[in-house]
Amino acid sequence: MRHIISILIENEAGALSRVSGLFSARAYNIESLTVAPTEDPSLSRMTIVSIGSEEIIEQITKQLNKLIDVVKVVDLSEAAHIERELMLVKVRATGKDREEMKRVADIFRGRIIDVTESTYVIELTGNTNKLDAFIEAIDRSQILETVRTGVCGIGRGDRILKV
Amino acid sequence: MQLTGAEIVIRCLQEEKVDYVFGYPGGSVLYIYDELFKQDQVKHILVRHEQAAVHAADAYSRSSNRIGVCMVTSGPGVTNAVTGIATAYMDSIPMVVISGQVPTAYIGQDAFQECDTVGITRPCVKHNFLVKDVKDLAVTLKKAFYLAKTGRPGPVLVDIPKDITNLKCEFSYPKSVTMRSYNPVVKGHSGQIKKAVQLLLDAKRPMIYTGGGVILADAAEKLTKLTRMLGFPITNTLMGLGGYPGTDQQFLGMLGMHGTVEANMAMQNCDVLLAVGARFDDRVIGNPTHFDEVERKIIHIDIDPSSISKRVKVDVPIVGCVSDVLDELIKQLEAAEGKPDAKSLASWWKQIGEWRAKDSLKFKQGKERIMPQYVVQKLYEVTGGDAFITSDVGQHQMWAAQYYKFDKPRRWINSGGLGTMGVGLPYAMGVRFANPKAQVACITGEGSIQMCIQELSTIKQFRLPVKIICLNNGYLGMVRQWQEMFHGDRYSESYMDSLPDFVKLAEAYGHVGMHITKPADVEGALREAFTTYKDECVFLNFVTDPKANVFPMVAAGKGLSQMILAEDL
């Protein structure tokens, strides 16, 4: 099962390596990991996507909680939540493909944020599946470069992760 | 009051009432050593290798329930210390390691004796710190002592760059620290404890299984009280020995890979298991799938939630300090209306009696070759069962655990989790500093003892009357045993050739050496060591039967009830 784990962690040097080191040391899987400071600069918020059985995910959350710098851990995927990922794709955009590329980007509610005579950079946000679908929808040979942020997520409604 | 970083370090140690620091000086810690020199409240024990400093601090802690402190320099000082830190980490030993670091401006420049200490030690410490501002130094050290001892204990490292130790700032030592990210649970959930009480009272074939958590929480008396109240059988893990009196009738001996038949069979066949401060590791329950084949209810008390349901699914988890939870458990049991089921218990004990009658630790001592088990038995008699026993790792460690009966906690000092060869001798040093009048014996082998043999020099310097019981069979015995049993008698690199003359070696360091080859001489030699040479370090080199193996044995991957006994071979 795919799980989205959100972590509030002290914004200290080395905090990221404590988390990533835990995953590698215990052979847990990381699909993606994002981290940035929160509105309170002393705290960072991390989102980790991991795949594992219930037992493994339970161990992961327990082990994360055990890290001294970790303030809170929550498995977002346990209840209603929203997840988003940002992707930038640089594509070849020449001849008749130029129009087609624009059209597909529009369908996916992507925005073209850089234009040259022969390329576009398309900005796209959504959940992982949507971004994957976009890649599938366009002609792969036209893709010059992609970069994705990895998933960040937040609970719906009253589910709040705060100190 | 303005103090330098080095002065602050020493003041903090004084405030924490640290009496001994085990360490080794070097460039990055020179200012700190200079301040050590100017005072005499904190005494420094100079070892001969940093690894031994950490082991000694570790054993100081294990044998006293105080925090062990050690100090090393940057670079190789730290890397040498890593084995010791990892050893303490695996057994959850509270310890503070102070390491020097190159000056702040040099960090990352591949400076002389630089290494990424925080990075290297991160996976084997409870927590570590790099001090970047002298103003943070005192509070960081306070946090280190606080973290080491609270919750699930463990080693905490504080890395201090050299320039920080020479900068000045205002000093005040905080009385306490709070950390929003760290709030270990102490009290157990009373609803869960109530469920546990009911399960215990309803049990037909109950079993109590306890580990190092009981020792760490100083909960041996409470455990003994609870066990006697219930009248249940009890077993200890290797780390838990001494948590319940080893000579008591209710004690079934150690369990696990080299546990007794009665302990392993009762563990496997019980219907209600009370696990206290133990973590169901692979050397204890063998194959977890095999263990799960028998249906039983498990109550698990542990301070670390991540130890619960890690390898074995638990029915009643109770997170909390073993000592506090046992208090509450005893209280609720006393108030409970029911009593343990006497009839079922009687037939359970009868069954256990049959397993016990197999006498799975029996061995034959002939006239020719010394059996290693016999040496441990005699050591037990000669010391009146009251010595502090340290061991290294291997066959001798298992024989020590099987044949020396520990009635008190903190008397059995060994590397259970990491299984570090070489700990025995520095452990004996640490024990003796924490317990200056105690009898201390180090049970070791000719392989292990050579891994920290240089400490014979430290032992001389500080006149530590440690008795070294070397069970010398000329082999890396446990390796040889596995090769004999599982690798077709191919003794690949397990024979110890060109051993030193241990008697001369001991004498060269200024100690007494004895060479014992005959069974008839074992007891006499031990008595001589503990009486005539009471105040000296004695190296007793017992030449033992090279074919002796440790039994019972649960082979790796097998189930607890699938033991190989000595008589099977």
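Predicted model: local features only at pLDDT ≥ 70, side-chain atom pairs only at ≥ 80, totals over all residues.
**View 1. Packing of helix H10 against helix H14 in chain B.** The crossing in which H10(B) passes H14(B) is left-handed. From H10(B), the contact is made by Lys222(B), Leu223(B), Lys225(B), Leu226(B) and Met229(B), while H14(B) contributes Ser323(B), Leu326(B), Asp327(B), Leu329(B), Ile330(B) and Leu333(B). By class, the residues of this contact comprise 7 nonpolar, 1 polar and 3 charged.

**View 2. The side of chain A that touches chain B.** Where the two chains meet, 15 residues of chain A are in contact with 13 residues of chain B. On the side of chain A, the elements that give two or more residues are helix H1 (15–25), helix H2 (54–66) and strand S4 (70–75). This side of chain A has 5 nonpolar, 5 polar and 5 charged residues.

**View 3. Ile469(B) within the largest nonpolar core.** The largest nonpolar core of the model has 208 residues, and the residues with the most contacts inside this core are Ala53(B), Ile85(B), Val96(B), Ile469(B) and Leu540(B). If neighbours within four places in sequence are left aside, Ile469(B) is in contact with Val375(B), Leu379(B), Ala441(B), Cys442(B), Ile443(B), Thr444(B), Leu540(B) and Phe542(B). Another core lies apart from the largest one and has 11 residues, among them Val89(A), Ala93(A), Ala105(A) and Ile122(A).

**View 4. The fold of chain A, with its helices and strands.** Chain A has 4 helices and 9 strands, which follow one another along the sequence in the pattern β-α-β-β-α-β-β-α-β-β-α-β-β. Taken along the principal axes, the box filled by the C-alpha atoms of chain A is roughly 55 × 35 × 35 Å. Of the 163 residues in chain A, 28% are buried. Among the contacts in chain A between residues at least 6 apart in sequence, 72% join residues that are at least 24 apart.

Definitions and conventions: Residues numbered from 1 in each chain as written. Chains lettered and ligands numbered in written order. Contact = placed C-beta atoms within 7 Å. Nonpolar A, V, L, I, M, F, W, Y, C, P; charged D, E, K, R; others polar. Axes fitted to C-alpha atoms, helices over the stretch in contact; angles between N-to-C directions. Left-handed = near helix turned anticlockwise from the far one by under 90°. Core = buried A, V, L, I, M, F, W, Y, C linked by C-beta atoms within 7 Å. Buried ≥ 20, exposed ≤ 12 C-beta atoms within 10 Å, placed from the backbone.
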